[in-house]
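Subject: Structure for you to look through

Dear colleague,

I am handing over the structure we spoke about, with the sequence alongside.

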2 protein chains.
Amino acid sequence: MIGKSTIKLIKSLALKKFRIKENLFLVEGDKIVSEVLDSDYLVEKLFVTNSYLISNKEKCKKARLFTEVSPSDIKKASQLKNPQNCLALCRIPAKSDHPNNLGNNLSIYLDDIQNPGNLGTIIRICDWFNVEYLFLSPKTVDCYMPKVIQASMGSFCRIKILTIGFEQLADFAAESDIPIYGAFLEGNNVYREMLPQRAILVMGNEGNGIQKEVEKKINKKIKIPEISLNAKRAESLNVSVATAIICSEFKRQLFS
Amino acid sequence: MIGKSTIKLIKSLALKKFRIKENLFLVEGDKIVSEVLDSDYLVEKLFVTNSYLISNKEKCKKARLFTEVSPSDIKKASQLKNPQNCLALCRIPAKSDHPNNLGNNLSIYLDDIQNPGNLGTIIRICDWFNVEYLFLSPKTVDCYMPKVIQASMGSFCRIKILTIGFEQLADFAAESDIPIYGAFLEGNNVYREMLPQRAILVMGNEGNGIQKEVEKKINKKIKIPEISLNAKRAESLNVSVATAIICSEFKRQLFS
């Protein structure tokens, strides 16, 4: 059984102030919990049903504390529409706000992304395309929000995510001679650019795009050319979709 | 004011059986409603606040019936978290289940996509990349579901969407000598394929991929190569993200 106060704690983790206070975040879903148990994250408390326990006994021992509970207990505590067989409370790692170096690959900077589904999807894209760092502006949605974690499908376990102000990052990139690209509705056709292996790509907020202050320090503006010949057509692409297309183009040029 | 029975009607349109019974679907949001008013869709009833009406008087006259209501009325009827200034009930057009011809461009077939956000995002991608037809398998989520309409951001007004069984489509494609591509986790590297201007691209269900029966009739299997060198990495990309990347590659080869 999951006690009332624990259920209250779990529910409270939907809000950032309680995640900060408790220094914990919530992970749900059999597959994602299995991935977090295999990762460097510290799982403080794990609640599992018997069916999960039977197939994952060794894995469960990796948690500091694990408790077998009934499916209806999971349901009571869950924030999912379709609760599964486990639920983990994980420690938020100490923040390092400066990478040791920017590596040799593409990194991404998100300038105030607000939608948790978008952030989660972008984390998954970074995992697929081997993006080095995912940098978040201080106003970007918190990456430990349950909806972000769920949308990332476990990829949050493998991606280096850092919150950093753009100014600091731009200085660091300049020192290391790394070009900063930005995605705009007006810019050079990304398909016709010679894209380098090592770069930072800036993606802007869903409604407002990249901030003026950030734009000033961008070395190269790129766009995904619209193909539709209609005067009336989609004005933009969803930011996670645009991130995917541009990442794909960086990697295509490198590997094909 | 919006009468109680109308509010009940609007709420009922969340469910497919009521959309079919009433032959209506719901469109919300100032921008999307403006786009639907400019489109060929018949807007049966339109509810607008004074502020929307002032800026869009001529547009509002395009609806069969428009009524000025208070923001709190919109709020009562809305299915959005942040209701805006208008709400339209539109007629579902008569279905044509067979296109006259398959055109000269890329078309897409969705094999049982279940998530309304994914379908809406794919509709927006089709609009951006000038996809000719978007074919939906009979079990794909209904394109008139409010969440699909909202996620498509008005692009549903411009895209030709048809529900059709795959067998029928495949026969039609064979007659017209159009190759059928399918996205798989194993297949030819899409970056290294010579992609034609005219093709049908099949994208599979979120959890299960492309059905075996459908797979048999696919002429060419393609994949987006994973770049990550980690043994542990994202197992797949979200289907709307994968659709975007493959569409982008078809169009890049054509236009750059």
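What follows is a description of the contact between the chains, the helices beside it, the nonpolar core and a few single residues.

This is a predicted model, in which local features need pLDDT of at least 70 and side-chain atom pairs count only at pLDDT 80 or more, while totals for chains, interfaces and linings use all residues. Residues are numbered from 1 along each chain as its sequence is written, and chains are lettered from A and ligands numbered from 1 in the order in which they are written.

To begin with the two chains, 33 residues of chain A are in contact with 34 residues of chain B, where contact means that the C-beta atoms of two residues, placed from the backbone, lie within 7 Å. On the chain A side, H7 and H11 each supply at least two residues, and the largest share, eight residues, comes from H11(A); helices (H or I, at least four residues) and strands (E, at least two) are DSSP runs, numbered from the N terminus. By class, this side of chain A has 14 nonpolar, 10 polar and nine charged residues, with Ala, Val, Leu, Ile, Met, Phe, Trp, Tyr, Cys and Pro counted as nonpolar, Asp, Glu, Lys and Arg as charged, and the others, Gly among them, as polar.

Axes here are lines fitted to C-alpha atoms, for helices over the stretch in contact, and angles run from 0 to 180 degrees between N-to-C directions.

In chain B, the axes of H7(B) and H11(B) come within 9 Å and cross at roughly 15 degrees, which makes H7(B) roughly parallel to H11(B).

The largest nonpolar core has 176 residues, and those with the most contacts inside it are A:Ala88 and B:Ala88; such a core is a set of buried Ala, Val, Leu, Ile, Met, Phe, Trp, Tyr and Cys residues joined through C-beta atoms within 7 Å. Leaving out residues up to four places away in sequence, A:Ala88 touches A:Val27, A:Val33, A:Val36, A:Val43, A:Leu46 and A:Ala63. A residue is buried if 20 or more other C-beta atoms lie within 10 Å of its own, exposed if 12 or fewer, and partly exposed in between, with C-beta atoms placed from the backbone.

Finally, B:Ala94 lies in the loop between E4 and strand E5 (106-111) of chain B, and B:Ala94 is exposed, with 6 other C-beta atoms within 10 Å.

With best wishes

Notes:
Angles under 35 degrees count as roughly parallel, over 145 as roughly antiparallel, 65 to 115 as roughly perpendicular and the rest as oblique.
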